[in-house]
Amino acid sequence: MASHPQRTVLYGAPTSPYVLRVRLALQEAGATYDPVYFDLDEKPSWFVEAVNPITGKVPALIYGGAADAPPEKPSADSVLLYESLVILEFIADLFPDAGLLPADPVQRAKARLFMSIVGEKIPSDNDLWITNEEDGSRLLQTLETLQGMLPDEGFVVGEWSIADAAFVPSLLFVNVFVKGGVGYWVKMKHGEKVKAELESSPRFARLRRYVDDWKKRPSLKAVWDEDIVIQKWLKRFAKNL
């Protein structure tokens with residue numbers, strides 16, 4: 001794998017879609033990094049106190065600083081980054097030869113626009129659906145909009161880019177909620193609407209091909225374990241289902 005002179009530490013959990021974004025980008029870059037994973041339902045106090053006191057969220061990435069600093073006590077001269085989309089841009093800049101963003105400025109702008117829409121719309125729409133505050137129509141409309149921005153074949157801007165790392169975790173996790181029956185939506189009659197649309201409707205045929213293309217990539221095979229994610233999220237919702 002490609003290395004970089006500065007130590008890189010990634011904090012989070014394999015069951016987070018936002019951490020998955022960063023793991024995919026690091027994998028595509030061939031980067032060497034130290035993963036520090038923990039249960040997000042039992043987040044260690046040292047993480048909020050010493051690593052990311054600003055938001056307390058994952059992923060967080062520490063770059064640089066003393067190579068022998070323990071993960072729970074990053075050195076004062078290291079750099080803290082958080083928010084997955086910001087970290088994706090950082091990785092693309094850190095490994096320019098990996099081609100994580102297109103060289104063409106128009107294509108780069110298209111990739112960033114796509115990432116912006118993904119970041120703004122999917123988390124809120126998905127949360128409304130899985131918590132049963134909305135029947136999934138908003139999520140399906142957002143996915144249809146993003147699907148319409150895809151080319152007929154290939155990835156977001158044709159060749160793979162960090163825009164794809166930003167997007168596919170959302171699709172994989174929606175599929176997890178559908179396949180695993182994860183979320184409060186399973187109790188409601190309209191709960192099958194999203195499941196039927198995404199799994200078999202012609203409306204989302206292009207999106208299904210996009211996910212199939214993704215599943216062929218070594219980076220996804222290396223970091224994605226659907227069964228573990230399903231079990232974790234079933235456990236999270238179990239108390240209220």
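Analyst: Start at Val-9, whose bridge partner in β2 is Asp-34. This is a predicted model: local features need pLDDT of at least 70, side-chain atom pairs count only at pLDDT 80 or more, and totals for chains, interfaces and linings use all residues. Residues are numbered from 1 along each chain as its sequence is written, and side-chain values use heavy atoms, without hydrogens or water.

Strand β1 covers residues 8–12, and strand β2 covers residues 34–37. They run parallel and share 4 bridges (a pair needs at least two DSSP bridges). Helix α1, residues 17–29, carries the chain from β1 to β2. That β-α-β crossover is right-handed (clockwise from first strand over helix to second, with the strands pointing away from the viewer).

What is the wider layout? The protein chain has 10 helices and 4 strands (DSSP runs numbered from the N terminus: H or I of at least four residues, E of at least two). From the N terminus, the order is β-α-β-α-β-β-α-α-α-α-α-α-α-α.

The structure has 1 cavity of 30 Å³ or more (points on a 1 Å grid over the protein atoms alone, where a 1.4 Å probe fits but cannot get out). The lining has 13 residues (each with an atom within 4 Å of a point). Closest to the centre of this cavity are Arg-7, Val-9, Ile-62, Ala-69 and Pro-74. The lining splits into 8 nonpolar, 4 polar and 1 charged (Ala, Val, Leu, Ile, Met, Phe, Trp, Tyr, Cys and Pro are nonpolar; Asp, Glu, Lys and Arg charged; the others, Gly among them, polar).

α4 gives the largest share, 6 residues. The largest pocket holds about 670 Å³. Its lining has 28 residues, with Ser-16, Pro-17, Tyr-18, Val-58 and Pro-123 closest to the centre. Of the lining, 15 are nonpolar, 6 polar and 7 charged.

Helix α6 also takes part in the second largest pocket, where α6, α7 (192–200) and α8 each give two or more lining residues. Here α6 supplies the largest share, 6 residues. The volume is about 310 Å³. Asn-175, Leu-198, Glu-199, Arg-208 and Val-211 lie nearest the centre, among 16 lining residues. The lining of the second largest pocket has 9 nonpolar residues, 1 polar and 6 charged.

Phe-167 sits in α6 (residues 162–180) and Tyr-210 in α8 (residues 205–215), 43 residues apart. Their ring centres are 5.4 Å apart and their planes at 40°, so the pair is tilted (Phe, Tyr and six-membered Trp rings pair with centres within 6.5 Å; under 30 degrees is stacked, over 60 edge-to-face, the rest tilted). The whole structure has 13 aromatic pairs. Ring pairs join Phe-167 and Tyr-210 with Phe-114, Phe-155, Trp-160 and Trp-214 in a cluster.

Technical notes:
1 Å grid on protein atoms, 1.4 Å probe; cavity = no way out; pocket = protein on both sides within 12 Å on 5 of 7 lines; lining within 4 Å. Points joined across faces, edges and corners; volume = space filled by probe spheres on them.
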